[in-house]
Amino acid sequence: MPLSILNKLKSSNIVKEIVSINFDGVGDNYRLKIRARLKNNWSIDVFEHKTPDIRRYSFHVFENDKMIVRWDNAPHFSDMKTFPYHKHYKSKVLESREMTIETVLDELSNMLT
């Protein structure tokens, strides 16, 4: 899975460059953090922590110090219908679905057009 995330970023038409990769893992247990720069000069931090029992993720898109959008599944906002999946956009926390690098890149592509 970590290699497929990296490959999706590398082959995306909205990604300009991979800035850094940090990986630690064995088998089905890993932590992955990738920073990439998009063609419009936004950046994205991709974080995934995976074990056989859980998958925690965060896809944080920003420009300089300003957050544009972040999808994550941190177990807070338990009153949300889509708990634990949610999206931070502007100053709001919105319902979301479970996100993958593919769905994030699709959403970002739509935002950029």
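Which strand does S43 lie in? S43 is part of strand β3, and we'll come back to it in View 1. A quick word before the views: this is a predicted model, where local features need pLDDT of at least 70, side-chain atom pairs count only at pLDDT 80 or more, and totals for chains, interfaces and linings use all residues. Residues are numbered from 1 along each chain as its sequence is written, and side-chain values use heavy atoms, with hydrogens and water left out.

View 1. Strands here are DSSP runs of E with at least two residues, helices are runs of H or I with at least four, and both are numbered from the N terminus. S43 sits in β3 and has 11% relative accessibility, so it counts as buried (buried is under 20% relative accessible area, exposed over 50%, partly exposed in between, with a 1.4 Å probe and protein chains only). Setting aside neighbours within four places in sequence, S43 is in contact (heavy atoms within 4.5 Å) with A36, R37, H60, V61 and F62. T51 belongs to the loop between β3 and β4. T51 is buried too, at 17% relative accessibility, and beyond residues up to four places away in sequence it touches D28 and N29.

**View 2. The largest nonpolar core.** Picture a set of buried Ala, Val, Leu, Ile, Met, Phe, Trp, Tyr and Cys residues joined through side-chain atoms within 4.5 Å: that's a nonpolar core. The largest one has 24 residues, and L9, I44, V46, F59, V61, W71 and L108 touch the most other members. At least two residues each come from α1 (2-11), β2 (29-38), β3 (43-50), β4 (55-63), β5 (66-72) and α2 (101-112). The biggest giver is β2, with five residues.

**View 3. Helix α2 and its cover.** On the buried side of the count we find I101, T103, V104, L105 and L108. Their cover includes α1, β1 (15-26), β2, β3, β4 and β5.

**View 4. Aromatic rings around F59.** Rings of Phe, Tyr and Trp (its six-membered ring) pair if their centres lie within 6.5 Å; planes under 30 degrees apart count as stacked, over 60 as edge-to-face and the rest as tilted. That rule gives three aromatic pairs. One of them is Y57 with F59: the centres are 5.3 Å apart and the planes stand at 40°, so this pair is tilted. Y57 and F59 are both buried, and ring pairs tie Y57, F59 and Y85 into a cluster. Leaving out neighbours within four places in sequence, the contacts of F59 include V69, W71, M99 and V104.

**View 5. H86 and its histidine partners.** H86 is found in strand β6 (residues 86-89) and is buried, with a relative accessible area of 1%. Its side chain makes polar contacts with the side chains of H76, at 3.3 Å, and H88, at 3.2 Å. (A polar contact is a pair of N or O atoms within 3.5 Å; within protein, one must be able to donate a hydrogen and the other to accept it, and residues adjacent in sequence count only if both atoms are side-chain atoms.) H86 and P75 are eleven residues apart along the chain, with 9.6 Å between their C-alpha atoms.
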